[in-house]
Amino acid sequence: MLALAGYTKIQELYSNGKIIVLRAESIALRKMVIIKMLVDEYPDQKSIARLKHEYNLLNSIKTPGIVQAYAIEKHEHRYALILEDIPD
């Protein structure tokens, strides 16, 4: 199981070889979040730029029903997009 500093109750939801999507509890935010993380330990600049673009795009849209992007974090050498978890 993947361990990430600042997160507990980590659960894998999806993986495709390029990204892994996790649900976890953020200790800082005190709520469940979705973590979209690049799989490569040393991702290329294009992959990092794509993740940052997604973050900026989500932050520019303030509409009910659109997931909120909380942060981009670096865990060791991997980049992760931290997103709002919308309960079922």
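Two strands are taken to pair if DSSP finds at least two bridges between them. Helices (H or I, at least four residues) and strands (E, at least two) are DSSP runs, numbered from the N terminus. The structure is a predicted model, in which local features need pLDDT of at least 70 and side-chain atom pairs count only at pLDDT 80 or more, whereas totals for chains, interfaces and linings use all residues. Residues are numbered from 1 along each chain as its sequence is written, and side-chain values use heavy atoms, with hydrogens and water left out.

Strand pairing is described first. Strand S2 (residues 19-26) and strand S3 run antiparallel and are joined by 8 bridges. Within this pair, Glu-25 stands opposite Met-32 of S3. The hairpin of S2 and S3 has 4 residues between the strands, and Arg-30 in this hairpin takes a positive phi near 60 degrees. S3 also pairs with S5, in the antiparallel sense and over 5 bridges; here Met-37 has Ala-80 of S5 as its bridge partner. S5 in turn pairs with S4, again antiparallel, through 6 bridges. In the hairpin of S4 and S5, 2 residues lie between the strands, and Glu-76 takes a positive phi near 60 degrees. In a regular strand the side chains alternate between the two faces of the sheet.

Helix H1 covers residues 45-60. The expected span of a helix is 1.5 Å times one less than its number of residues. For the 16 residues of H1 this gives 22 Å, in agreement with the 22 Å that separates its end C-alpha atoms. Accessibility is classed as buried (under 20% relative accessible area), exposed (over 50%) or partly exposed (in between), with a 1.4 Å probe and protein chains only. Ser-47, Ile-48, Leu-51 and Leu-58 of H1 are buried. Seen down the axis of H1, the buried residues fall within an arc of 105 degrees and therefore line one face of the helix; the arc is that of the directions from the helix axis to the C-beta atoms. Gln-45, Lys-46, His-53 and Ser-60, on the other side of H1, are exposed. With contact meaning heavy atoms within 4.5 Å, the buried residues of H1 pack against strand S3 (31-38), strand S4 (69-75) and strand S5 (78-84). Lys-52 also belongs to H1 and is partly exposed, at 39% relative accessibility. The C-alpha atoms of Lys-52 and Ala-71 are 9.5 Å apart in space, while the two residues are 19 residues apart in sequence.

Charged side chains were examined next. Side chains of opposite charge can pair when their charged atoms come close. A salt bridge is a side-chain nitrogen of Lys or Arg within 4 Å of a carboxyl oxygen of Asp or Glu, and a search of the whole structure finds 3 salt bridges. One of them joins Glu-25 to Lys-9, with 3.2 Å between the closest N and O atoms. Glu-25 lies in strand S2 and Lys-9 in strand S1 (residues 7-15), so this pair ties together parts that are 16 residues apart in sequence. Glu-25 is partly exposed, at a relative accessible area of 23%, whereas Lys-9 is exposed at 60%.

A salt bridge also forms between the side chains of Arg-23 and Asp-85, at 2.8 Å from N to O. This pair links distant parts of the chain, as Arg-23 is in strand S2 and Asp-85 is in the segment after S5, 62 residues apart. Arg-23 has a relative accessible area of 23% and is partly exposed, while Asp-85, at 17%, counts as buried. In a further salt bridge, the closest N and O atoms of Glu-54 and Lys-36 are 2.7 Å apart. Glu-54 lies in helix H1 and Lys-36 in strand S3, so the pair ties together parts that are 18 residues apart in sequence. The relative accessible area of Glu-54 is 25%, which makes this residue partly exposed.

Ser-26 is found in strand S2 and counts as buried, at 4% relative accessibility. The side chain of Ser-26 reaches the backbone nitrogen of Ala-28 at 3.5 Å. Residues up to four places away in sequence aside, Ser-26 touches Gly-6, Tyr-7, Lys-31 and Val-33.

Notes:
Polar contact = N/O pair within 3.5 Å; in protein donor to acceptor, adjacent residues only side chain to side chain.
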